[in-house]
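Take a look at the structure below. This report takes it one part at a time.

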Amino acid sequence: MKKTSFLFYSFLILLSVSCSPKKEDQTAKKPNVIFIYVDDLGYGDLSCYGATAVQTPNVDALAAGGIQFTDAHCSASTCTPSRYSLLTGNYAFRNNAAILPGDAPLIINPEQETIAGMFKKQGYATAVVGKWHLGLGNGSPDWNGVIKPGPLEVGFDYSFLIPATADRVPTVFVENHNVVNLDTHDPITVSYDEKIGSDPTGMEDEVFLKMIADKQHSGTVVNGISRIGYMSGGHSAYWKDEDFPVILTKKASNFISSNKDKPFFLYFALPDIHVPRAPNEKFVGSTNMGPRGDAIVQMDWVTGQIMTKLKELDLAENTIIVFSSDNGPILEDGYADQALTNIGSHRPTGNFKGGKYSAYEAGTRVPTIVYWPAKIKPSKSNALISQVDFFASFAKLIGAKIENKETAVDSFDMLDELLGKSQKGRQYLIEEAFTMSIRKGNWKYIAPQIQPSSPWLADKNVLTGLQETPQLYDLSKDPAEKHNLVSKMPGKAKILALELSKIMKAPSRKQQ
Ligand code: NG6
Ligand code: CA
């Protein structure tokens, strides 16, 4: 063969390899996006973030193949506000979003655009599977009828929900607009004021309980676990907590399979590792830490199942997985499940102070991983980012314009940071607890809180960070927030306090 024709044929071969249909299919399509959103998972709870008492190989694989963040934050140290911000791109305080009871109305106005709605407008199939905790219905939800508005009215095509938290009634799944497996002859009534119906509560003698609970968690007993609030009826619809990983994984996998040929957005909100921790028998005893440790292993298994499904369908390459948590960790949160006694050397908060409910760093600094084999070069990132930024960042990625001035008002485009192309991050970041904090670089200011915290919070063994005087920390030298520098550096504290009040008064979609 002459040299020129050899080169010509080599070129043809190369061209046919690079244009093979499989590759073209994968990358020509917009990427799928899955948020795996864990409940109450702390910065130090994963082996890829330094844990040794529990192994999380599936999440570790995401970290090893993606961008692993060291300074990424949920927007608040409790669930409802963080979820509200994640979905709307607005800080939760703008809508007074706080932890909701299980019969609260939907707190996202259906007029408000959500990240799901943004994906949907761009041709994505959208779903939420798992914990909701953003309210349902107008007024009280109609558990025996059509439950709306809910996720389907705010941008999701499909929903399969734990309506609030697993420790709150009603203990039933809601699929789209209806309770699953409801017997209409046994209608559901819910009360957060007083006992209703004849089912036992955790306060009664002789009732079988899988774990002892505090007063607030001693309402109606379902599946051997007493809950917050009371319910009657709905017996055929009761969930079994131990089945969560299997059922939710199945629902998420079905959604992925049914939408394998078009881009999809799945918000997969796991109930682990929130209380009550009742892991499936498959995971019981898999750590020496009791149910909390075993629930971490269970959560890792669920993550692995999603990965396996994506690989099976040949979708892994072009699916972005964002893995994170809605607030920091807590050991005992209403149930005596040995989380505290079995903790050993494990440090759920890593080296940070506080945890769930806290204004200190461990309240909002959570494990965060972005995984996208097709486009991401694995690395660690110390960029300062917030989950409130996901809205604008993913809008940028898929070419959606944010036109309405009410939409995603606090969300910054952090796409380059999420994909590991930049470590610049935010200049300022807000952390919401029962007070407000602001970060600028490694400086952290916690606003004073005059009102006493609610009695249930005061009873908890939590470092809330709530003080009547302001606090200032230099996290570069003092990551554990031990030395309040306000009296040494009053000017610095004042500048941060002013910046905080400016952001609180007027949102901005751009760095100042
Ligand atoms: C608190 C509950 C707690 C948990 C939390 C919500 C009491 C005493 N405690 O009010 O058990 O359910 O709300 O957790 O009622 S979160 O992760 O959804 O924010
Ligand atoms: Ca939570």
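## An open sheet

Four strands make an open sheet, in the order β17-β18-β19-β20, with antiparallel pairing. Strands are DSSP runs of E with at least two residues, and helices are runs of H or I with at least four, numbered from the N terminus. Two strands pair if DSSP finds at least two bridges between them. β17 (428-432) and β20 (471-474) stand at the edges with a single partner strand each, so one side of each has no neighbour in the sheet. The twist averages 20° from one strand to the next.

Five bridges join β17 to β18 (residues 436-440). Glutamate 431 has serine 437 in β18 as its bridge partner.

## How the model is read

This is a predicted model: local features need pLDDT of at least 70, side-chain atom pairs count only at pLDDT 80 or more, and totals for chains, interfaces and linings use all residues. Residues are numbered from 1 along each chain as its sequence is written, chains are lettered from A and ligands numbered from 1 in the order in which they are written, and side-chain values use heavy atoms, leaving out hydrogens and water.

## A calcium site

Which residues are the protein donors of the calcium ion (ligand 2)? They are Asp39 (OD), Asp40 (OD), Asp326 (OD), Asp326 (OD) and Asn327 (OD1), lying 2.2 to 2.7 Å from the ion. Donors are N, O and S atoms within 2.8 Å of the metal (3.2 Å for Na, K and Ca); water is not among the atoms, so sites may look incomplete. Aspartate 40 and asparagine 327 sit 287 residues apart, in loops from distant parts of the chain. Both are buried (under 20% relative accessible area; exposed is over 50%, partly exposed in between, with a 1.4 Å probe and protein chains only).

## An exposed alanine

Alanine 64 is found in helix α3. Alanine 64 is exposed, because its relative accessible area is 59%.

Key: Axes are lines fitted to C-alpha atoms, for helices over the stretch in contact, and angles run from 0 to 180 degrees between N-to-C directions.
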